[in-house]
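These are my notebook entries on a structure I looked up. I set down what I looked for and what I found.

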Amino acid sequence: MFHFGNIVRTKGDPKIVDSGTSLARPEDRLARALGWFSIGLGLAELFAPRRVTETLGMEGHETLVRAFGAREIISGIMSLSVDKNAGLWARVGGDGLDAAALISALTPDNPKKGNVALALLMIGGIAMLDYRAAQETKPKRPSPKARRRLYPDRSGFPKGLAAVKDRARQLTNGQARTGAPS
Amino acid sequence: MKALVWHGKEDIRCDTVTDPEIQDPRDAIIKVTSCAICGSDLHLFHNFIPGMLPGDIMGHETMGEVVEVGSGVDGKLKKGDRIVVPFTIICGECDQCKRGNFSVCETTNRKRQLGDKVFGHTTAGLFGYTHLTGGYPGGQAEYLRVPFADATHIKVPDGIPDEQLLFLSDIFPTGWQAAVHCDIEPTDTVAIWGCGPVGQMTIRSAILLGANQVIAIDCIPERLSMAEAGGATTINFETESVLERLDHLTDGRGPEKCIDATGMESHVMASQPDTLLDRAKQMVMLESDRPHVLREMIYVCRPGGIISVAGVYSGFSDKIPMGAFMNKGLTMRTGQTHVNRWTDDLLRRIEQGEIDPSFVITHTVPLERGPEMYQVFRDKRDSCVKVVLKP
């Protein structure tokens with residue numbers, strides 16, 4: 001079976017014959033997909049804001065769209081990082097801002113209000129995905145109140161801590177007197 | 001054979017891979033009897049250190065039995081020998097090896113152009129630790145090829161369990177070197193940040209070297225309890241002020257010696273704004289390391305003191321208080337561990353029952369469960385401090 005990783009193996013090093021189960025869960029893959037989507041959308045908003053505002057009948061708001069694009073890129077990078085949960089919550093917050101901006105454009109005199117409504121629907125769907133991914137990728141660290149095993153008997157000194165300290169004291173005192181190196 | 005293989009960020013799998021082969025006359029192949037997950041493996045798990053490629057075998061804490069030797073090993077190893085494999089691959093012949101600076105061996109990094117470019121000069125080849133250090137397959141596997149095996153080994157006697165010897169490969173000499181770098185004197189207070197496996201070994205080393213007082217700083221209760229058992233006075237930085245407690249414990253002078261056993265992934269806390277900023281910058285790739293511990297050590301260390309850095313840093317750290325560092329006349333010593341410089345002495349101490357490094361092991365599982373144990377270790381679940389894997 002072909003494995004991409006085998007292409008870069010140094011000659012003679014072990015190569016993958018059969019790959020085991022991945023640690024990545026479906027929610028991790030969803031987070032990854034949302035992260036890349038966020039970066040793509042952010043780049044479009046950052047570099048083609050006029051196309052966006054024209055589609056939504058929001059001409060004159062290009063700076064706002066650019067700012068939203070920068071936000072999308074940052075939350076996208078965060079969603080792809082180890083701290084994806086923070087990135088996904090940032091995306092949930094961003095969805096709220098997007099929705100607020102779109103609702104403000106949903107006025108009777110906006111000739112593109114149909115597009116705005118469609119965009120709002122899409123935002124709603126994506127927000128649901130963002131929320132689900134954020135919920136499911138919560139870090140699994142034990143809470144501070146969780147029961148823990150403590151290790152008060154693991155000194156690592158078979159002869160006891162006091163004996164080790166005494167021995168070290170004797171040695172260091174001896175060295176101090178003789179000037180021997182440590 | 002089975003091996004734990006890196007496939008990408010937070011994706012390590014137990015794969016079936018081809019067996020290693022002798023590639024050079026100085027090689028040996030060992031059948032791995034025990035290996036461990038190191039705290040620095042988590043930096044690779046998180047993909048914080050550049051230079052990993054899908055298909056790389058993880059692991060640099062390994063021991064086993066020699067099953068095959070190359071023609072150039074020159075009788076220094078033979079089939080059936082029991083060895084611990086130091087994580088630094090050494091030639092034993094270059095100028096640095098002759099000086100005992102094994103972790104900066106000039107010969108063993110087979111991708112030295114990368115090392116030269118990134119670090120200015122190459123360092124030693126390491127097992128399972130990115131292509132910057134040679135891209136050598138690691139030892140979380142059933143078999144391991146040991147390059148330069150005539151020099152890269154620690155022969156160990158039968159009759160002592162693997163668990164007591166395995167950590168000669170890395171964390172025990174790493175903790176030891178961190179303490180030795182401090183030139184500990186009988187009146188010294190040694191403060192150690194981080195009570196993970198390296199921190200625990202550092203605490204015991206400082207005690208063995210005769211420190212007057214050892215202070216251990218962490219926030220995980222089970223690690224703090226283990227530190228206390230080893231003779232340290234503990235500070236939980238989530239519930240008390242490190243600065244105030246250190247002041248109190250040193251009559252306001254500050255610890256003479258400070259050891260960083262944390263490295264590039266310092267804990268992030270809302271009450272420490274610099275850690276939040278570091279985390280944000282690390283997320284968007286504006287900073288590779290989170291050096292809160294370095295900053296704090298420089299701030300609290302007694303003027304004229306020594307800062308020893310055992311924790312791994314990978315690239316660039318921001319906002320290091322060089323003014324305080326310079327004006328206080330501090331000395332910093334650091335480096336990957338020159339494992340073989342210390343192991344004769346440490347093996348003797350284990351044989352004489354002075355120390356038993358197996359105290360740190362909290363989980364022993366089959367190799368196949370390695371991937372999930374990366375998560376357990378990372379998340380500090382199930383009171384996990386150290387994981388040993390049995391192929």
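**Entry 1: basis.** I note that this is a predicted model, in which local features need pLDDT of at least 70 and side-chain atom pairs count only at pLDDT 80 or more, while totals for chains, interfaces and linings use all residues. Residues are numbered from 1 along each chain as its sequence is written, chains are lettered from A and ligands numbered from 1 in the order in which they are written, and side-chain values use heavy atoms, with hydrogens and water left out.

**Entry 2: contact between the chains.** I looked up the residues in contact (heavy atoms within 4.5 Å) and found 67 from chain B and 46 from chain A. The buried area, which is the accessible area (1.4 Å probe) lost by two parts on being put together and summed over both, is about 4700 Å² for chain B and chain A, with 56% of it on carbon and sulfur atoms.

I then looked up salt bridges, defined as a side-chain nitrogen of Lys or Arg within 4 Å of a carboxyl oxygen of Asp or Glu. Six salt bridges are counted between chain B and chain A. One of them joins the side chains of A:Arg149 and B:Asp382, at 3.2 Å from N to O.

Helices (H or I, at least four residues) and strands (E, at least two) are DSSP runs numbered from the N terminus. Elements giving two or more residues to the side of chain B that touches chain A include strand S1 (2–8), strand S2 (11–17) and helix H13 (370–379) of chain B. S2(B) gives the most to this side, with seven residues.

**Entry 3: salt bridges over all chains.** The count over all chains is 41 salt bridges. A:Lys84 pairs with A:Asp28, their closest N and O atoms being 3.6 Å apart. Because A:Lys84 lies in helix H4 (residues 84–105) and A:Asp28 in helix H1 (residues 26–47) of chain A, the pair ties together parts 56 residues apart in sequence. For exposure I used these classes: buried is under 20% relative accessible area, exposed over 50%, and partly exposed in between (1.4 Å probe, protein chains only). Both A:Lys84 and A:Asp28 are buried.

B:Arg378 forms a salt bridge with B:Asp379, at 2.5 Å between the closest N and O atoms. B:Arg378 is buried at 12% relative accessibility, and B:Asp379 is buried at 5%. Salt bridges that share partners join A:Arg25, A:Glu27, A:Asp28, A:Lys84, B:Glu10, B:Arg378, B:Asp379 and B:Arg381 into one network.

**Entry 4: helix H5 of chain B.** Nine of the ten residues of helix H5 (residues 171–180) of chain B are buried; B:Trp176 and B:Ala178 are among them. The cover over the buried residues of H5(B) includes strand S15 (306–309) and helix H12 (339–351) of chain B. B:Ser308, in strand S15, is buried at 1% relative accessible area. A polar atom of the B:Ser308 side chain lies 2.9 Å from the backbone oxygen of B:Ala178. The residues that B:Ser308 touches include B:Cys182 and B:Cys258.

Terms used:
A polar contact is a pair of N or O atoms within 3.5 Å; within protein, one must be able to donate a hydrogen and the other to accept it, and residues adjacent in sequence count only if both atoms are side-chain atoms. Lists of a residue's contacts leave out its neighbours within four places in sequence.
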